[in-house]
Amino acid sequence: MFPTKIINDPIYGFIKINNPFILKLIDHPFVQRLKRIKQLGLAEFVYPGAHHTRFHHALGAMHLMDEALNNLKAKGYSISDAEMEAAEIAILLHDIGHGPFSHVLEYTLLNHVHHEEISNLIMEKLNQHFEGRLSLAITMFDDSYPRKFFHQLISSQLDVDRLDYLSRDSFYTGVREGFIGSERLLSMLDLQDENLVMEEKGIYSIENFLMARRLMYWQVYLHKTAIAAETMLIQILRRAKELINQGKPLSCSKALMLFLSKEYTWEEFTADPKLLVAFTDLDDHDVWAAIKTWKDSDDKILSLLCSHFLSRKLFTCKLGSQPLPKSKRTEISEEIKSRLQITDEELSYFVIEGSTSNSAYVQGDNTIKIVDKLGHVVELTEASDLPTIQALSKIVKKYYFCCPKSVYLQGELNA
């Protein structure tokens with residue numbers, strides 16, 4: 001019998017892994033790369049403790065998958081050892097397609113390619129390497145497996161992915177409002193026609209889960225300082241791309257240079273195996289090393305952005321329910337051009353506008369289903385008389401405006 005591997009996790013305590021193939025997968029370079037990609041991107045600019053990685057999250061989600069399936073087996077549902085292994089592999093690898101800084105640069109290095117698509121591609125590559133051992137896991141991941149609840153545990157509005165990252169991100173940021181009792185939620189999972197449902201008595205636990213998700217989005221994921229840091233990082237890489245395309249020399253890793261020198265389409269990415277190999281070499285350290293080098297660039301724009309980013313002289317970010325008035329935007333823009341002696345085209349690196357939205361619960365095809373004691377299945381909002389859940393279904397949209405802090409504050413004083 002293969003000896004059990006025990007991992008000490010700060011959220012769940014001891015995580016036991018007794019599957020030798022899963023341990024072999026964990027040791028693969030593609031998975032080990034996740035140790036060098038932070039889970040929360042640039043949230044450390046707001047919460048200094050947010051240094052956990054995608055690797056931590058992958059192990060935690062796999063542990064919760066094991067707990068969820070064991071709970072369902074205890075209720076009498078038939079789940080084979082092969083299905084157990086495949087589901088755990090699928091959730092272990094669900095984020096393997098993330099690039100540096102996770103969601104922040106998802107569309108900066110590749111041309112509108114979702115990390116889920118790259119995850120699927122990497123899983124196919126691993127499947128070839130391991131002679132088809134991941135085939136079942138891939139069908140669960142891409143939702144082609146007939147037993148739908150496996151995919152719903154991987155990706156839905158109440159999946160083990162969300163259960164882990166909410167508790168984990170809450171722990172490492174210190175935002176306790178995001179902590180959820182995953183054990184209670186997992187114990188109330190049930191199946192109806194091979195689809196995932198939640199027992200009726202779990203409605204209040206679901207409400208707490210959705211509320212935690214809403215709070216974590218506004219307090220952590222969409223915090224205005226994190227948005228400011230993210231916009232600066234995107235502008236740094238955008239400027240680097242422009243300089244490289246103009247033929248100006250910039251120093252960075254070979255993998256990063258490959259994706260900065262050209263925007264690849266999904267068709268090009270899938271057709272050229274070298275691109276996938278280069279992508280799996282990329283992590284946060286490539287970008288940090290480049291920024292440290294570029295701060296001494298001869299290009300004024302790139303040098304200024306990098307040096308300010310490294311010393312945490314971040315843009316200020318105005319976040320509100322309405323866009324900043326046009327007169328205010330014009331005033332700030334003119335002041336920035338005057339101070340930095342830059343052109344209208346260069347101004348776009350220092351004045352960034354956009355919007356972001358958050359809905360803790362989205363009604364539609366992928367909803368949370370509740371089963372009552374008589375076996376009737378209804379959608380969450382129909383089953384609940386709680387006004388909170390109805391409110392959490394509303395999409396909240398906010399507009400942001402980012403620019404150098406000193407200019408914005410000067411504009412406030414002159415207002």
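Which residues are buried in α4?

Mentor: This is a predicted model, and the answer should be read with that in mind. In α4, the buried residues are E83, M84, E85, A86, A87, E88, I89, A90, I91 and L92. Here buried means under 20% relative accessible area. The helix runs over residues 81–92, twelve residues in all. From its first C-alpha to its last, α4 reaches 16 Å, close to the 16 Å expected at 1.5 Å a residue. Because ten of its twelve residues are buried, α4 is largely enclosed by the rest of the structure.

As for the cover, the elements over the buried residues of α4 include α1 (20–26), α3 (54–74) and α5 (115–129). Also among them are α6 (135–141), α7 (149–154) and α8 (160–173).

The UniProt record, an unreviewed entry, annotates residues 54–166 as "domain: HD". That span is 60% helix and 0% strand, and its end C-alpha atoms lie 13 Å apart.

The largest nonpolar core has 136 residues, and L69, L93, W294 and F309 have the most contacts inside it. Leaving out residues up to four places away in sequence, W294 touches I236, L237, A240, L250, S251, C252, L256, L260, L302, S303 and C306.

A search of the whole structure finds one cavity of 30 Å³ or more. The largest cavity holds about 100 Å³ of space. Its lining consists of 13 residues, with G99, L105, E106, I118 and F279 nearest the centre.

Note on methods: Residues are numbered from 1 along each chain as its sequence is written. This is a predicted model: local features need pLDDT of at least 70, side-chain atom pairs count only at pLDDT 80 or more; totals for chains, interfaces and linings use all residues. Side-chain values use heavy atoms; hydrogens and water are left out. A nonpolar core is a set of buried Ala, Val, Leu, Ile, Met, Phe, Trp, Tyr and Cys residues joined through side-chain atoms within 4.5 Å. Buried means under 20% relative accessible area, exposed over 50%, partly exposed in between (1.4 Å probe, protein chains only). Contact means heavy atoms within 4.5 Å. Helices (H or I, at least four residues) and strands (E, at least two) are DSSP runs, numbered from the N terminus. The expected span of a helix is 1.5 Å times one less than its number of residues. UniProt positions are given in the numbering used here, feature names are shortened, and annotations may be inferred rather than shown by experiment. On a 1 Å grid over the protein atoms alone, a cavity is a set of points where a 1.4 Å probe fits but cannot get out, and a pocket is an open set with protein on both sides within 12 Å along at least five of seven lines; lining residues have an atom within 4 Å of a point. Grid points are joined across faces, edges and corners, and a volume is the space filled by probe spheres set on the points.
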